[in-house]
Amino acid sequence: MRIIVCVKAIPRGEGQLRIAESGDRVLCEGAGGWTINESDEYAVEQGVTQKAPLGATLTALTVGPLVSQEALYIALAKGADKAVRIDSDISDPQRLAGVMARAVEKLGYDLILTGVESSDYLGAQVGTLLATRMGIASAYAVTAVEFSPDRKSIRVTKELRGGASQYLEMGLPALLSIQYGMHPLSYVSPRRLLSARSQPQETLTLPELGLDVGGRPGPFQVLEVGVPQRVRRVKFLEGNSGEVTSQLLGRIRDAIR
Amino acid sequence: MPSGKPWSELVVFLGYGQYCPDGAALHLLARCRFLADRLGSRLTALVLGQELPASAVAAAEERGADEIVSLEAPALAHYHAEAFARAVGNLLRERGPGLFLLPNTLEATEVAPAVAGMLEVPALTNCIDIEIANGCVVVTRPMFWGTRHVRIQVETGQPLVVTVQLRDGSPVQGRPGNPSVRRVQLPAEAEPLLTRILGGSEPAVADIDLTKAEVIVAAGRGAASKSAIKLVEEIAELLGGAVACSRPMADLGWFPRGRIVGTSGKTVRPKLYLACGISGASQHLAGMQEAQTIIAINKDPYAPIFEVAHYGVVGMLEEILPAFIENARGIRAGDKLP
Ligand SMILES: Cc1cc2nc3c(=O)[nH]c(=O)nc-3n(C[C@H](O)[C@H](O)[C@H](O)COP(=O)(O)OP(=O)(O)OC[C@H]3O[C@@H](n4cnc5c(N)ncnc54)[C@H](O)[C@@H]3O)c2cc1C
C-alpha cells in the first residue's frame, strides 16, 4: 500500500508578511519563517496513523521553491518514509493540480491524503481538483477512514454543514482531504526535526515530469493586495483600561436592551 | 458597462433538497441580479433535488431570476458531491461559457472545484465580494488567515466558477421578476459513480440551543486556557448569555461540538455576539455575521473578525476580561447597569 500525503509550506505567521511595492503580491520575510500548513499537518498525522496497521509506505509530496522543504522536514519528523519536492513556484490551483497529477502518477499510489485548505491562499481547491483530474474517488472534510478487509476499498466519514456527517464507500485509489482535528497533532521534538533535516529528499523539476514550465494564466488579474477593508467600519473602543471597560459596558447594554 | 464580451448568463446555485433555497444563496442571487443587469447577461437560478420546491421558485421570482433550472433525480435529493458535480458540469457544458456562482457553503467547497476540474475552467473560491468597479468585474478574497485581502479583476465572457459569501449587509431583496421554469428529469447515470453513499447522521444533540440564545459569548483559540475560559464563562453568566466556541476549541476538547459556531456548527443571530480570541475565518463568520451587534476582542487589529464587528477592542483577553468582569457585576439582559 502506497500513501502519498500532499503538504505545503507557508509563512509561520502574519507578522512576516509584507506587501510588495508593486502592490499585487505578498512577500514573506525572515529566515526560518516557513512551516507546514496547519491543515496539512492533520493529513500527515492521518498518514502516519494509518501506515503501520496497513504496512504502507508514506511519501510526503510538495510543490514549491526551496523553502518548501520545511513542510517536508516536519512530515519526515512525524514519520513519513520519503519526501519529494517538485521545484516550481506555480500557485494557480488548476496548474498545480496538473503538476501534482504527473508527480503522483510517477510515484505510484493507492491513497492520496491532503489537507482541507492552505492558510495562505485559502482556496480549498487543489485536493478535489487533483482527484477530478486523476479520475479517482475523493471526499472533502474527512473525519474517519476504515479499510475493507481486502484493502481494496474504504469507508469514509465526511463532514457536512452544521456538523452533520455522511458515510461513503469508495474503491482505491482515492483521495481524501482530511478535516482539521481528525487526530490530535503529535509534538515534534527539535531533535527529531534536526534528524529529519539530514534525511535525503528527492527533488524533481517540471521538465523531469515532462511538463513545460510556462502556462496560460487564468482569465483574471490581481489588482491589489492589502489589509482588509472593513465592511462595517468597526468602531474600536480605545483608552485606558477603565475607559475601555466602561465603553464596552455601554455598548453591551445597548445591544441587549 | 465592462469591456470584453459579456457572459451569456450568470448561474447561481440556489440549493438542493432540504437546503433549497439556501439562506446563503439569497443574498448572492440578489447581488447577481444587479450584476447581470449591468453586464447584459441573463440570470439563472439553479436547483438540484428530487423536485422543485415552491419556496425556491418564490425566492427566484423575488430576486429577479430570468430562468429557473431544476435538475431532478432521486439521487440529487441528498448531498452527493460526485453526482452534484456531474449534473452541474453537464448542464454548464451544454449552456456555454457563463459565470457559475455558489454560496460558499461546506458543500460548495467540494462541488465548486469538482465542477471546475471537470470542465477544466478556473475557479475563484472563498470570495467575500463581487462587484463592478471601474467598469470591470472584481472579486475580493481573503488570504493569509484572512489578514490580507486580494482584489482580482475578472475577464468577462470566459467560463469561471466562483464561490462567494458576501460580507456586506446589502439588501437581500432584489427586483422581482417572472422567471421561466425549466425542470429537467435526469436519466439514471450512464457511467457509474466512483463513490457510494452509505448513509449519514445528524449532528449530535447539543446540551444547549445556541440558536435561541440572545447573548452569546464565544471563545476562540486566543482563549485556549483554563483561566481564559473561566473568564469567558463568567462574562456569559453575568450577561445571562450562552457560551459558544470556534471549531478548534471543540477539536481541542475545551467544549462539546454542539457549541461550535460556523459552517460546521450553528448559525446564530443573537442580539449580542461577543467574540473573544477568535480570528474570524470565513467558516466562522458564516455562522455569526448576522448577529445584531458583534463585539470582538482580539490582540491583532487585522484579525478578520473586525471586518464584521460593530465594536472592537484590540488587546489581550487576560487584561480586558478581568477588568470588564470587575465592572460589570450585576448587568443582565433587561437589568439596569450599575
Ligand atoms: C470545511 C471547514 C469547516 C470549518 N468550520 C468551522 C466552523 O464551523 N467554525 C469555526 O470556528 N471554524 C471552522 N473552521 C475552521 C476555520 O477555518 C478556522 O481554522 C477557525 O475558525 C479558527 O479558530 P480561531 O479563530 O479560534 O483560532 P485562530 O484562527 O488561531 O485565532 C485565534 C485568534 O486569537 C487571537 N489571540 C490569541 N491570543 C490572544 C490573547 N491572549 N488575547 C486576545 N486575542 C488573542 C489571535 O490574534 C487570533 O486572531 C472550518 C474549516 C474548514 C476547512
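Student: How far does the backbone oxygen of Leu166(B) lie from a polar atom of the side chain of Gln289(B)?

Tutor: This is a predicted model, in which local features need pLDDT of at least 70 and side-chain atom pairs count only at pLDDT 80 or more, while totals for chains, interfaces and linings use all residues. Residues are numbered from 1 along each chain as its sequence is written, chains are lettered from A and ligands numbered from 1 in the order in which they are written, and side-chain values use heavy atoms, with hydrogens and water left out. A polar contact is a pair of N or O atoms within 3.5 Å; within protein, one must be able to donate a hydrogen and the other to accept it, and residues adjacent in sequence count only if both atoms are side-chain atoms. Between the backbone oxygen of Leu166(B) and the side chain of Gln289(B), the distance is 3.2 Å.

Student: Is Gln289(B) buried or exposed?

Tutor: Gln289(B) is placed in the loop between α7 and β15 (293-298) of chain B. Buried means under 20% relative accessible area, exposed over 50%, and partly exposed in between (1.4 Å probe, protein chains only). The relative accessible area of Gln289(B) is 12%, so this residue is buried.

Student: Which chains surround the ligand?

Tutor: A residue is near a molecule if one of its heavy atoms lies within 4 Å of it. The ligand is surrounded by 31 residues, and Arg221(B), Ser246(B), Ser264(B), Ser279(B) and Asn298(B) are the closest. The site is shared between chains, because its residues come from chains A and B.

Student: How much of the area that the ligand exposes when taken alone does the protein bury?

Tutor: An oxygen atom of the ligand lies 2.5 Å from a polar side-chain atom of Ser246(B), and a polar side-chain atom of Gln283(B) lies 2.8 Å from an oxygen atom of the ligand. Taken alone, the ligand exposes 980 Å² (Shrake-Rupley method, 1.4 Å probe). Of that area, the protein buries 89%.

Student: Which residue just after α4(B) takes a positive phi?

Tutor: The positive phi is about 55°. Just after α4(B), this angle belongs to Glu120(B).

Technical notes: Helices (H or I, at least four residues) and strands (E, at least two) are DSSP runs, numbered from the N terminus.
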